[in-house]
Amino acid sequence: MVEEVKKSSEEKMKKAIAALHYEFNTLRTGRASASLFDAIKVDYYGQKTPLNQVATISVPEARLVVIQPWDKSVLSEIEKAIQKSELSINPNNDGKVVRISIPPLTEERRKELVKLAKGKAEQSRVTVRNVRRDANEEYKNLQKSSKISEDDLKRGVDEIQKLTDKYIEEINQVLEAKEKEILEV
């Protein structure tokens, strides 16, 4: 019983870390990256379709992204979707491909992005702590219904705390790396 709760909790904590990585990939830094466009959906024949499913996204240079649609008729929709996104970048459409020049970030924008990254990291920490709280509640309920002993309860709570500390530290390391990437000129 104790191991099942621990295993399920660790799985949820891993998902929180994976979600944080995904969120950070969509944060724009001064460098071009195909993952910036992961969250963009294009209106493709009436369906909201992820951009990477209607076009090839390549990064030929450090500050340039080229998006080549498989169907030329979707070019204007790609352009509209990028303009509506929160990336604040202007796409250039030459009739065949969409070129996006990634301008260097201003100091003010870098600070905003760091603040945003810290907020996302804090959300992940809260998620991990909520998993800990739920696991501890589950252990207490198991002990109340005499399915585990008091020693098992204490051991389970200690193991969940160790997991929580481990994943909070991992979140801090991911945040530190993202901050460094954002502040890099």
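Colleague: Why does leucine 153 count as buried?

Modeller: Leucine 153 counts as buried because its relative accessibility is 15%; the class holds residues under 20% relative accessible area, with exposed meaning over 50% and partly exposed in between (1.4 Å probe, protein chains only). This is a predicted model, in which local features need pLDDT of at least 70 and side-chain atom pairs count only at pLDDT 80 or more, while totals for chains, interfaces and linings use all residues. Residues are numbered from 1 along each chain as its sequence is written, and side-chain values use heavy atoms, leaving out hydrogens and water.

Colleague: Which residues does leucine 153 touch?

Modeller: Contact means heavy atoms within 4.5 Å. Not counting residues up to four places away in sequence, leucine 153 touches Tyr139, Lys140, Gln143 and Ile148. Leucine 153 itself lies in helix H4; helices (H or I, at least four residues) and strands (E, at least two) are DSSP runs numbered from the N terminus. Lysine 111, by contrast, is 42 residues from leucine 153 along the chain, and their C-alpha atoms are separated by 44 Å.

Colleague: Lysine 178 is also found in helix H4. Is lysine 178 buried or exposed?

Modeller: Lysine 178 is buried, and its relative accessible area is 7%. Leaving aside neighbours within four places in sequence, lysine 178 is in contact with Phe24, Leu27 and Thr29.

Colleague: At roughly what angle do the axes of H3 and H4 cross?

Modeller: Axes are lines fitted to C-alpha atoms, for helices over the stretch in contact, and angles run from 0 to 180 degrees between N-to-C directions. The axes of H3 (residues 107–144) and H4 (residues 150–183) cross at roughly 170° and come within 10 Å.

Colleague: How is H1 placed against H4?

Modeller: The axes of H1 and H4 come within 10 Å and cross at roughly 10°, which means that H1 is roughly parallel to H4. The contact of H1 with H4 has 11 nonpolar, four polar and nine charged residues.

Colleague: Which residues have the most contacts inside the largest nonpolar core?

Modeller: A nonpolar core is a set of buried Ala, Val, Leu, Ile, Met, Phe, Trp, Tyr and Cys residues joined through side-chain atoms within 4.5 Å. The largest one has 28 residues, and Phe24, Val128 and Tyr139 have the most contacts inside it. H1 (2–25), H3 and H4 each supply at least two residues of this core. A second, separate core of 21 residues includes Val42, Leu51, Val74 and Ile89.

Colleague: In what order do the four strands form the open sheet?

Modeller: Strands pair if DSSP finds at least two bridges between them. The order is E3-E4-E6-E5, with antiparallel pairing. E3 (55–61) and E5 (91–93) are the edge strands, each pairing on one side only. E3 is joined to E4 (residues 64–69) by five bridges, and threonine 56 has glutamine 68 in E4 as its bridge partner. Helix H2 (residues 75–84) lies across E3, E4, E5 and E6 (98–101), and runs at about 170° to E5.

Colleague: Over how many bridges do E1 and E2 pair?

Modeller: E1 (residues 41–44) and E2 (residues 47–50) pair over four bridges in the antiparallel sense. Lysine 41 stands opposite proline 50 in E2. The hairpin has two residues between the strands, and tyrosine 45 takes a positive phi near 50°.

How values were computed:
Parallel < 35°, antiparallel > 145°, perpendicular 65-115°, else oblique. Nonpolar A, V, L, I, M, F, W, Y, C, P; charged D, E, K, R; others polar.
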